[in-house]
Amino acid sequence: DSANNGFSFKGIKDYLDCYWSGKLTPSQVAKNIIAVLEDCDKSTPPLRAIVQWDQEQIMLMAEASTVRYRNKCTLSYLDGIPVCLKEEFKVVPYYHRVGTVYLGTEPETEDATVAKKLREAGAIVIGVSNMHELGTGTTGCNPNRYHKIPRNPYKPNHYTGGSSSGSAAAVAAGLCPVAIGTDGGGSVRIPSSFCGVVGLKGTFGRISSHGSLPLSYSTVSVGPICTSVADAAIVYSILAEPDPLYPYGLNQPKATLSGVCAPDLKGLKLGVDWTFFKACDAEVLSLCEKAVEHLKSLGASVVEVSLPEMEEVRVAHVICILSEMRDFLQPDFNKHFEEMNLETRANLALASQFTALDYITANRQRTRSMNFLREIFTTVNCILTPAVACTAPRIHESDLLTGSSDSSFTVRSMRFMQLGNFTGIPGLVVPIGYSTAGLPIGFQVMAKWWDEAVLLRIGLKLEQFRYQTKKPSIYYDILA
């Protein structure tokens with residue numbers, strides 16, 4: 001619970017307080033959301049966070065939740081909580097388009113595992129959110145007719161980041177306190193950072209990705225985007241467990257939240273590779289250095305570590321993710337090439353230049369990097385970095401028509417992200433402040449495999465560093 005001065009985002013607890021006190025019912029909240037969903041796409045420019053929604057579906061889930069509150073038999077902390085899922089997931093009865101114009105020609109009849117679990121927890125699924133086409137970029141730029149470019153709630157003429165673009169925009173704009181994204185190259189953490197919200201990429205395999213399009217089977221993790229670390233912990237605790245339909249996560253240790261609420265950070269060792277850490281914009285660096293000092297002031301010790309072969313990691317990650325996507329999308333590339341965005345075509349064409357030898361060499365690098373990390377995590381509990389090296393870039397007029405492809409931006413935006421995707425370790429990004437232009441800046445904490453609890457513990461303390469939360473310029477208070 002945070003006593004924040006001025007503006008604070010409405011989180012899970014605010015919704016639960018309204019429901020239990022009788023101030024609002026889930027049905028009334030659902031009506032507010034429907035009104036907002038109608039409004040935010042009529043605005044100029046349209047927000048384009050949620051790209052498919054259905055009034056009847058939203059009301060059915062909300063009415064069922066209202067009855068459970070009346071009878072005092074709720075299903076979980078997510079009962080009656082509005083959530084959205086990235087279009088990469090199958091969600092009944094929506095079209096599983098994955099950001100394209102050619103996939104998902106029929107409505108879905110079966111939910112992805114995460115959608116099913118959210119329904120079982122009583123959540124109100126308000127729709128599916130926008131995404132970068134096939135997850136092939138980090139801006140969120142998707143000019144095709146079904147999607148358009150989602151807007152950053154802090155600065156609508158700036159990008160949200162991608163590829164879970166609509167998920168982060170929906171949370172930052174107040175449409176729902178919880179959204180689900182996927183992260184193969186920073187796709188949860190980049191938009192969370194650009195939109196000033198919290199994003200958690202679980203350990204590879206921790207949360208089932210069954211029922212999402214398997215674009216890259218060795219780099220993608222699933223995770224929540226929320227307005228606070230506490231909310232991310234709640235969603236994580238509900239979604240993180242083995243799924244018989246998803247073999248990669250079957251042998252995972254039990255997810256715990258033990259020690260998350262410790263009063264300080266005494267006894268924790270935080271690793272920083274300063275050369276790596278400092279390769280970011282001056283404004284980002286200055287704020288991130290202060291955040292490190294803040295964590296030290298709470299009793300943690302900062303240990304200098306060396307992250308070896310980061311350039312090799314960068315190249316090897318790109319080879320792995322693009323080769324796997326190219327392999328999976330081979331039929332699409334042949335059959336639907338003309339229907340893809342220009343940027344997607346360029347990325348998949350690039351991917352077709354990689355050889356089997358490149359892919360094998362990249363995976364040998366992965367084994368090396370995992371061994372280096374295993375070693376590093378014997379001396380520190382986590383690794384600290386800025387979230388993204390820069391703030392959200394501007395949307396140019398031409399992007400709306402033809403899209404955008406800026407490989408130097410893509411490389412910069414993924415700089416601090418790729419290690420987590422390549423080796424499977426979990427990462428959490430937390431907003432820590434704003435640039436002089438008013439754009440959010442985030443901070444990242446990574447930990448060893450399956451140790452999400454230490455991330456959440458540090459994340460809760462990082463939240464106290466930001467002395468004020470600025471209100472996004474597009475913000476809907478659903479509980480007002």
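Guide: Just after helix α4, G122 takes a positive phi of about 90°. Helices (H or I, at least four residues) and strands (E, at least two) are DSSP runs, numbered from the N terminus. The model is predicted, so local features need pLDDT of at least 70 and side-chain atom pairs count only at pLDDT 80 or more, while totals for chains, interfaces and linings use all residues. Residues are numbered from 1 along each chain as its sequence is written, and side-chain values use heavy atoms, with hydrogens and water left out.

Helix α4 covers residues 113-120, and its buried residues are T113, V114, A115, K117 and L118. Here buried means under 20% relative accessible area, exposed means over 50%, and partly exposed lies in between (1.4 Å probe, protein chains only). Contact means heavy atoms within 4.5 Å.

R119 forms a salt bridge with D111, with 2.5 Å between the closest N and O atoms. A salt bridge is a side-chain nitrogen of Lys or Arg within 4 Å of a carboxyl oxygen of Asp or Glu. R119 is partly exposed at 25% relative accessible area, whereas D111 counts as buried at 17%.

The whole structure holds 17 salt bridges. Among them is the pair of R48 and D41, whose side chains meet at 3.2 Å, N to O. R48 is buried, with a relative accessible area of 15%, and D41 is partly exposed, at 25%. Another joins D264 to K266 at 3.4 Å between the closest N and O atoms; K266 is exposed, with a relative accessible area of 59%.

S192 lies in helix α6 (residues 189-194) and is buried, with a relative accessible area of 0%. Residues up to four places away in sequence aside, S192 touches A168, V197, V198, G199, I225 and V429. E339 sits in the loop between α11 (330-335) and α12 (342-351) and counts as partly exposed at 36% relative accessibility. E339 and V101 are 238 residues apart in sequence, yet 7.0 Å apart in space, C-alpha to C-alpha. Apart from neighbours within four places in sequence, E339 is in contact with V101, Y102 and E133.

The largest nonpolar core has 124 residues, and L175, I180, L384 and F443 have the most contacts inside it. A nonpolar core is a set of buried Ala, Val, Leu, Ile, Met, Phe, Trp, Tyr and Cys residues joined through side-chain atoms within 4.5 Å. A second, separate core of 14 residues includes L215, I321, L322 and M325. Beyond four places in sequence, the residues that L384 touches include L270, V292 and F443.
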